Amino acid sequence: MAEKAKTITVKSSGDVFEELAPLFRRYDEEEIALRRDNGDLSLSLRRLDVGEFAETVERFDGSDDAKAALRRALESIEAIGSYAMKGRKRVFVGYNKERKVKNRKQKEGKRGRHFYARGNEFPTENVELPERFVDKIVRADSEEFLRELPDNCVDLVFTSPPYNFGLEYSSNDDDHDWERYFEKLFAIFDECVRVTKHGGRIIVNVQPLFSDYIPSHHLISSHFIKRKMIWKGEILWEKNNYNCKYTAWGSWKSPSNPYLKYTWEFLEVFAKGSLKKEGSADRADITPDEFKKWVVAKWSVAPERDMKKYNHPAMFPEELAARAMKLFSFEGDVVLDPFNGAGTTTVTAKKLNRRFLGVDVSEEYCKTAERRLGEIFL
Ligand SMILES: C[S@@+](CC[C@H](N)C(=O)[O-])C[C@H]1O[C@@H](n2cnc3c(N)ncnc32)[C@H](O)[C@@H]1O
């Protein structure tokens with residue numbers, strides 16, 4: 001027996017059935033059907049391209065009563081939360097049946113879901129970060145320092161590497177040749193992979209190096225993929241500003257060599273060994289509204305405005321770190337930033353009740369990070 005369609009009633013202030021009926025005749029009964037329901041209208045829904053239906057509603061030219069009834073119908077359809085997608089259409093009945101893919105695991109195996117991460121040799125046993133490193137700011141070269149940590153002891157690495165733009169960092173020489181730069185960066189990221197827990201995450205905030213045509217976000221992602229990390233996704237951080245340094249147009253009004261400008265950066269998100277992270281629900285501190293908003297992977301967050309105050313040229317804002325921490329880690333988790341700078345990651349981790357470890361090669365930035373931690377009153 002065919003499953004019962006989902007039915008919604010639409011209040012109507014006049015008898016608009018006859019006027020609307022031709023519009024609904026263009027749809028198959030298997031999509032949407034219009035019926036009279038005493039003085040009102042009733043719609044039965046099975047499978048509908050809601051976007052196309054919305055355009056039809058928009059284009060409809062009829063009486064005000066009929067237009068109002070159609071708009072109410074669309075609102076009710078859009079408000080239905082539980083549906084699945086089939087082709088381009090939303091499925092309103094048999095939801096679970098439609099969603100269930102037979103032999104899902106087998107099919108995924110055949111397709112080769114995150115095939116590039118197969119055959120990793122990551123240890124699966126996680127350990128605690130040794131107490132002497134918990135909630136610490138460490139002045140060191142991360143490549144050397146991270147060797148002191150055991151495997152699998154960090155839940156989340158959240159960081160943004162030095163840009164190698166020749167920015168005026170306080171102590172490291174930020175103007176290496178690119179090959180040397182990536183060699184060093186990847187040595188540090190390899191240590192990050194090692195110390196990350198099985199099921200833990202690494203999130204790297206990075207922007208392409210526009211001036212030298214170096215797609216650093218791609219190069220960094222490829223490196224993690226070579227190291228058999230699972231690419232969990234990419235967040236576009238919309239900063240809504242133009243980088244003032246790059247106001248040049250390139251070849252003005254000519255296709256010979258126009259210069260592309262960007263108002264965004266990326267967060268590349270990786271998982272070690274498993275997409276799923278262990279953790280108890282009562283340690284998840286993200287609200288339902290935040291979750292709904294932040295899983296849409298375009299985050300509009302203003303850039304850090306206090307770089308002068310902290311005397312650091314390349315900070316990200318606390319809001320960015322907070323979103324990443326709440327979406328990808330639990331309270332009590334250990335968060336590491338191997339390029340901690342003025343300490344935005346560590347300050348945010350403390351405020352959000354995470355444990356932290358921040359490393360930076362610059363003594364001045366480490367002092368700033370310590371000072372910021374001391375200024376938090378929880
Ligand atoms: C883009 S900044 C990070 C800023 C930080 N996210 C913030 O909001 O303050 C990169 C940092 O990496 C540090 N750095 C560069 N090379 C390093 C190394 N080998 N080990 C540790 N830190 C390093 C620099 O001193 C700089 O503070």
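This is a predicted model: local features need pLDDT of at least 70, side-chain atom pairs count only at pLDDT 80 or more; totals for chains, interfaces and linings use all residues.
1. Overall make-up. The chain contains 13 helices and 14 strands. Of its 378 residues, 49% are buried. Among contacts with a separation of 6 or more, 73% are between residues 24 or more positions apart. The accessible surface of the chain is about 20,700 Å², and carbon and sulfur atoms hold 50% of that area.

2. Largest nonpolar core. This core has 38 residues, and the members touching the most other members are Phe145, Leu149, Phe189, Ile202, Ile220, Phe224 and Leu357. Two or more residues each come from helix 6 (142-146), helix 7 (178-195) and helix 8 (216-226), and likewise from strand 8 (154-159), strand 9 (196-206), strand 13 (334-337) and strand 14 (355-360). Helix 7 is the main contributor, giving ten residues, the most of any element.

3. Surroundings of Leu149. Leaving aside residues up to four places away in sequence, Leu149 touches Leu129, Phe133, Arg194, Val195 and Leu357. Leu357 is listed with Leu149 among the core members that touch the most others.

4. Second core. A separate core of 29 residues is also present, and its members include Trp294, Met325, Ala369 and Leu373.

5. Three strands make an open sheet in the order 4-6-5, with antiparallel pairing. Strand 4 (47-48) and strand 5 (84-86) are at the edges and have a single partner strand each, so one side of each lacks a neighbour in the sheet. Strand 4 is joined to strand 6 (residues 89-91) by two bridges, and these strands run antiparallel. Within this pairing, Leu48 is opposite Arg90 of strand 6.

6. Salt bridges, Asp15 and Arg36. The structure has 26 salt bridges. One of them joins the side chains of Asp15 and Arg36, at 3.2 Å from N to O. Asp15 is in the loop between strand 1 (6-10) and helix 1 (17-25), while Arg36 is in strand 2 (residues 32-37), so this pair ties together parts 21 residues apart in sequence. Asp15 is exposed, at 58% relative accessible area, and Arg36 is partly exposed, at 43%.

7. Salt bridge, Arg139 and Glu363. The side chains of Arg139 and Glu363 also meet in a salt bridge, with an N to O distance of 3.7 Å. Because Arg139 belongs to strand 7 (residues 136-139) and Glu363 to helix 13 (residues 363-374), the pair ties together parts that are 224 residues apart in sequence. Glu363 counts as partly exposed, with 43% relative accessibility.

8. Salt bridge, Glu290 and Lys326. Here the side chains meet at 3.0 Å, N to O. Glu290 lies in helix 9 (residues 288-294) and Lys326 in helix 11 (residues 318-328), so the link is between parts 36 residues apart in sequence. Lys326 has a relative accessible area of 16% and is therefore buried, the cut-off for that class being under 20%.

9. Salt-bridge network. Asp141, Glu143, Arg147 and Lys184 are linked to one another in a network of salt bridges.

Conventions: Residues are numbered from 1 along each chain as its sequence is written. Side-chain values use heavy atoms; hydrogens and water are left out. Helices (H or I, at least four residues) and strands (E, at least two) are DSSP runs, numbered from the N terminus. Buried means under 20% relative accessible area, exposed over 50%, partly exposed in between (1.4 Å probe, protein chains only). Contact means heavy atoms within 4.5 Å. Accessible areas come from the Shrake-Rupley method with a 1.4 Å probe; for residues, only the protein chains shown count as cover. A nonpolar core is a set of buried Ala, Val, Leu, Ile, Met, Phe, Trp, Tyr and Cys residues joined through side-chain atoms within 4.5 Å. Two strands pair if DSSP finds at least two bridges between them. A salt bridge is a side-chain nitrogen of Lys or Arg within 4 Å of a carboxyl oxygen of Asp or Glu.
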